[in-house]
Amino acid sequence: MDTFITSTVTVALAEIGDKTQLLSLLLAARFANKPALILGILVATIINHGLSAWLGDYLSQSFTSSYLPWIVNGCFIVVGLWLLIPDKDEEVSNKYDQYGAFLVALVLFFIAEIGDKTQIATVLLGAQYQSVLWVTIGTTVGMLLANVPVIYAGNALLKRIPMAKVRMLAAIVFVALGCYGLVTS
């Protein structure tokens with residue numbers, strides 16, 4: 001249960017103000033079919049984060065080095081510091097809108113997650129917990145917790161949430177996880 005809760009909270013916090021959350025806002029403004037958007041985000045996240053958790057698990061089992069905990073926990077600290085840098089809104093072309101909300105959300109979300117902070121966090125969580133299933137479920141729930149309200153509440157919600165404070169909180173969580181891991185290894 002620790003794996004699920006940590007994965008959920010970590011990714012939900014990391015996602016606040018992230019480019020994929022901004023993508024959710026853009027897609028919500030563009031498409032009226034909100035359930036299709038959410039389903040597209042769900043499927044893209046399951047695929048992307050499932051592969052990421054598997055990669056983290058694979059890497060942790062491939063390296064029998066006593067340095068692995070230091071590497072993984074050091075990366076948590078680096079990602080925490082990276083969270084302090086706000087993402088920029090990227091303009092997304094609407095030439096693919098003809099394919100519908102589900103397919104557009106699926107493809108754009110999957111691509112936007114490649115190399116994103118939450119994907120890297122998922123690899124790290126997979127390496128730390130060595131549980132592909134629970135990390136994938138937890139990070140997917142975290143993504144949905146951060147993105148579904150944006151799809152339905154949009155700009156009004158983002159204007160009320162102080163992004164700088166949320167980024168700071170997310171950074172503290174990542175750095176604390178890294179430090180805790182370093183101390184207990």
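The model is predicted, so to speak of local features a pLDDT of at least 70 is needed, side-chain atom pairs count only at pLDDT 80 or more, and totals for chains, interfaces and linings use all residues. Numbering starts from 1 along each chain as its sequence is written, and side-chain values use heavy atoms, leaving out hydrogens and water.

- Thr20 sits in helix α2, residues 19-30 (helices are DSSP runs of H or I with at least four residues, numbered from the N terminus).
- Thr20 counts as buried because its relative accessibility is 0% (buried means under 20% relative accessible area, with a 1.4 Å probe and protein chains only).
- The Thr20 side chain makes a polar contact with the side chain of Glu15 at 2.4 Å, and another of 3.5 Å joins it to the side chain of Glu113 (a pair of N or O atoms within 3.5 Å, one able to donate a hydrogen and the other to accept it; residues adjacent in sequence count only if both atoms are side-chain atoms).
- Leaving aside residues up to four places away in sequence, Thr20 touches residues including Phe109, Ala112 and Met143 (heavy atoms within 4.5 Å).

**Helix α2 against helix α5**
- The axes of α2 and α5 (residues 101-113) come within 10 Å and cross at roughly 160° (axes are lines fitted to C-alpha atoms over the stretch in contact, with angles from 0 to 180 degrees between N-to-C directions).
- The two helices, α2 and α5, are therefore roughly antiparallel (angles over 145 degrees).
- On the α2 side, the contact involves Lys19, Thr20, Leu23, Ser24 and Leu27, while α5 brings residues including Phe109 and Glu113.

Notes:
Buried means under 20% relative accessible area, exposed over 50%, partly exposed in between (1.4 Å probe, protein chains only). Angles under 35 degrees count as roughly parallel, over 145 as roughly antiparallel, 65 to 115 as roughly perpendicular and the rest as oblique.
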